[in-house]
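Colleague: I am new to this structure. Please pick one part of the model and take me through it closely.

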Amino acid sequence: MSIDLRAYLDRIGLRLPADSRPTLDVLREVHRAHIQGIPFENLDAVLGSAPSLALPDLEAKLVRGERGGYCYEHNTLLAAALTALGFRVTLLTARVLVGARPGEIRPRTHMLMLTDVPGEPVPYVTDVGFGSIGALLEPLPLTVGPELHDAPRRHRLVHAPHDGPLELWVLQTYLPAEGEWEDQYSFTVEPFEAADYEVINWHIATNPRSPFARGVYAQRTTADTHLSLSGLRLTETAPDGTLKERDLADADEVLRVLRDDFGIRLPDGTRLPE
């Protein structure tokens, strides 16, 4: 089933010529517009259900509804859009490293993809679903060394040792306040299929020990700021890294902030867990 490409582009506020070709510039435009056009949120899981990853349901929620989603939703939607635009994508999974304790091995639960661009020597790491201030704003070539200045952020890829037969790649982002690089997630280029994400999605959304099932997470990136909501803590990050933080009073204020500041509107009468 193909995506309604016009509706998707309208949702992310992007106008492409009718004769657009699958170029690196188009990939960059779509990637950044998606990040800035559709918020990250895990509210289905908080409210007790695993979100559907079927394309018609994703279009109804993320494109035509006033909602966002988490990585499986965002990147499944983007993969469909890029395919419609003539790109070839390979779906991958990653282990989230940011916030991990030394020696902690987390499962592969994050979805990302590689995008092949005609004429480019390497594919591009493409990911609009990493709910973090360290997320990519633009695609990153799959090569070690060159930095991506996806202003106001900076990213790079490095290799890390491991026991598997495939090279292990680590996405890093630069922390200007600390003056150092921080690991975000690690991955190999082993392809994954839609059925794999159905299993991972169910686990993340319904396992009572999953952080995504226990508390509200929302992110919104604009050209001027980055908003993050974790539980009751609302954080606004300026391009220079300056933070403004405040605690919301209760679940009712969370719903108001989600609607007014994140552009996420839940059905009337929705009650979030306290």
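Modeller: First, the residue classes: Ala, Val, Leu, Ile, Met, Phe, Trp, Tyr, Cys and Pro count as nonpolar, Asp, Glu, Lys and Arg as charged, and the others, Gly among them, as polar. The model is predicted: local features need pLDDT of at least 70, side-chain atom pairs count only at pLDDT 80 or more, and totals for chains, interfaces and linings use all residues. Residues are numbered from 1 along each chain as its sequence is written, and side-chain values use heavy atoms, without hydrogens and water.

On a 1 Å grid over the protein atoms alone, a cavity is a set of points where a 1.4 Å probe fits but cannot get out; lining residues have an atom within 4 Å of a point. Points are joined across faces, edges and corners, and a volume is the space filled by probe spheres set on them.

The structure holds one cavity of 30 Å³ or more. The lining has 16 residues. Nearest the centre lie Ile 35, Phe 40, Phe 130, Gln 219 and Thr 221. By class, the lining splits into seven nonpolar, seven polar and two charged residues.

Which strand gives the largest share of this lining? Strand β9, residues 217–221, does, with three residues. Strands here are DSSP runs (E, at least two residues), and helices are runs of H or I (at least four residues), numbered from the N terminus.

Now follow β9 to its partners. Two strands pair if DSSP finds at least two bridges between them. Strand β1, residues 40–41, pairs with β9 in the antiparallel sense, over two bridges. Glu 41 has Ala 218 of β9 as its bridge partner. Strand β10, residues 226–230, also pairs with β9 in the antiparallel sense, here over five bridges. Thr 221 stands opposite His 226 of β10. Thr 221 is also one of the residues nearest the centre of the cavity. β9 and β10 form a hairpin, and four residues lie between them.

For orientation, the model also has an open sheet. Seven strands build it, in the order β5-β4-β3-β2-β8-β7-β6, with antiparallel pairing. β5 (140–141) and β6 (155–160) stand at the edges with a single partner strand each, so one side of each has no neighbour in the sheet. β5 pairs with β4, residues 124–126, over two bridges. There, Tyr 124 stands opposite Pro 141.

Note on methods. On a 1 Å grid over the protein atoms alone, a cavity is a set of points where a 1.4 Å probe fits but cannot get out, and a pocket is an open set with protein on both sides within 12 Å along at least five of seven lines; lining residues have an atom within 4 Å of a point.
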